[in-house]
Amino acid sequence: MPNAFAYIVLLSFPLFAVVLFRLLPLQRALIWTLISGHLLLPSSMHIKIPMVPLIDRSLVPAVSALILCALMAPRQKVASDLEARFGRQVIFVLLSMVLLTPFLTVLQNTEPMINGRSYLPGLRLYDAVSMISTIVASMIPLWLGLRYLNTQAGHRALLEAFVISAVLYSFPALLEIRISPQLHNWIYGFFPHQFAQHIRDGGFRPVVLLNHGLMVGIYFCIGVISAAVLFREARREGGRAWKWLVAMVWLAGVLVLSKALSALILTVIFGAAVLFFGRRLQIMLAVVVAVIVMFYPMLRGAGWIPVETAYNFALSISEERAASLRFRLDNEDALLEHANEKPLAGWGSWGRNQLYDPATGQMISTTDGIWIIFIGMFGWIGYIGRFGLLTAPILFYAMRHRQLGASLITPGLMMVLAANLIDLLPNAGLVNYVWLMAGAVTGYVLWREPQDGSALAGSAAGTDLRASWLMTEATAPPLRQKRSEPRGTAR
């Protein structure tokens, strides 16, 4: 059970967000509000109010940032070229698929499910409204990234925040590697997961204040990749690159100690791509990942995903890891077969997408990957809508990359997003910062304001975006004007 301090921290977080927006430029305040909520708020606890999404560590930071951004952000112009308009229409269609699917899901699931002693009620209109409210809440970071982080300055600030926060988080993680995962229990009065899952290779896998050690591992992974992006970009610009190199090496070492094998593999692949590939190859890799992730259920069902190769690789490392992977793969096969019974709009809520023992009624399945959760609950329509919103930004950027400059910042951010997309296949880590990245890339490609010197265009050039009664106005340093003299003039 969470202690009183856990509820106090959760409910008082909006005040912390106000402080961030008072002290930082808008883009950085937005980023740090969502990241701080993800890293610091209690996991696996919520407050439930009827017809309202769960009040938890995802909703509170997102709503706080949304309200504060709405209060202070200036209006911006929207790109008007034909390609951008077509891209926005695609995004609207995908978003409509996500928001409207619950109505179709309810219509297809009005009958109850009875398995032994287990009784699951049929879905009603109330359930559709409840699911839609939860979906809208989960999409807030996508909108925040699209609307307020649609510049290269916003992308750079996001990468910097990943690195800095990961470095700060590495110190409590190292403590838990040494003494075992205890911080969540000490601070909030309970452990958010099964403790036995975090004993690895004679040591411990850190959890800190997240809900699972795998979430810590993937966060260090994106910290390493982000540091590599900033290192490359600093060298390209002729700036100080050594600090990002130090951060990258430090986080890579902490990740190795954290015993998160899948995150380590992703770090090696995408970290090497960032360090040694040019923009074009990075974009091509991101596109390949986007296509594979988008069609993963189809490829998985057709047997085109080399799952046995992955199992044999895990077996060569550890029998325990191989057994865990085999359990996941078998579960996915069974759940995918169950999902295919209602492929269009899925089984809906109340655990109807799960498998149950026909005699005892006990649940016998475990949903790990977010893809199997989406396709089981909302069918192919819901899956395509959600993963389309996550992958379409990469595809649109690839089509328009020649118009978007030579910087490595946005391709690097897509590398971070691609690593997270792959992590979503075995895990359910679709959290606020993943939606925020997808929205930031989408906004940059399809909603980005023309470079005409207005507010967000100025932010792209490196000035701070401040505007509201809540924040002081930023004053730009005066430009130094050089005195021009005609050549050949005698002094």
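Biologist: Is D127 buried or exposed, and at what relative accessibility?

Modeller: This is a predicted model in which local features need pLDDT of at least 70 and side-chain atom pairs count only at pLDDT 80 or more, while totals for chains, interfaces and linings use all residues. Residues are numbered from 1 along each chain as its sequence is written, and side-chain values use heavy atoms, with hydrogens and water left out. Buried means under 20% relative accessible area, exposed over 50% and partly exposed in between, with a 1.4 Å probe and protein chains only. By that rule D127 counts as buried, at 4% relative accessibility.

Biologist: With which residue does the side chain of D127 meet in a salt bridge?

Modeller: A salt bridge is a side-chain nitrogen of Lys or Arg within 4 Å of a carboxyl oxygen of Asp or Glu, and the count by this rule comes to 12. For D127 the N to O distance is 3.9 Å, and the partner is R124.

Biologist: Which residues are in contact with S349, leaving aside its neighbours within four places in sequence?

Modeller: S349 is placed in the loop between α15 (319–339) and α16 (370–400), where helices (H or I, at least four residues) and strands (E, at least two) are DSSP runs numbered from the N terminus. S349 counts as buried at 16% relative accessibility. Taking contact as heavy atoms within 4.5 Å, the residues that S349 touches are L123, D127, M131 and M377.

Biologist: How many residues apart in sequence are the parts that the pair of E237 and R156 ties together?

Modeller: The closest N and O atoms of the salt bridge between E237 and R156 are 2.8 Å apart. E237 lies in helix α9 (residues 213–237) and R156 in helix α7 (residues 152–179), so the parts tied together are separated in sequence by 81 residues.

Biologist: Which residues are linked with R156 and E237 in a network of salt bridges?

Modeller: Within helix α9, R236 and E233 lie three residues apart, about one turn of the helix, and their side chains meet in a salt bridge at 2.8 Å, N to O. R236 is partly exposed at 44% relative accessible area, whereas E233 counts as buried at 1%. The network that includes R156 and E237 also takes in E233 and R236.

Biologist: At which residue does α7 bend?

Modeller: α7 has 28 residues and reaches 41 Å from its first C-alpha to its last, close to the 40 Å expected at 1.5 Å a residue, the expected span being 1.5 Å times one less than the number of residues. The bend is the angle between axes fitted to the seven residues ending at a residue and the seven starting there. In α7 the bend is about 30 degrees, a proline, P172, follows within four residues, and the residue at the bend is S170.

Biologist: What is the phi of V208?

Modeller: V208 is found in the loop between β4 (203–204) and α9, and counts as buried at 3% relative accessibility. Its phi is a positive value in a residue other than glycine, near 55 degrees.
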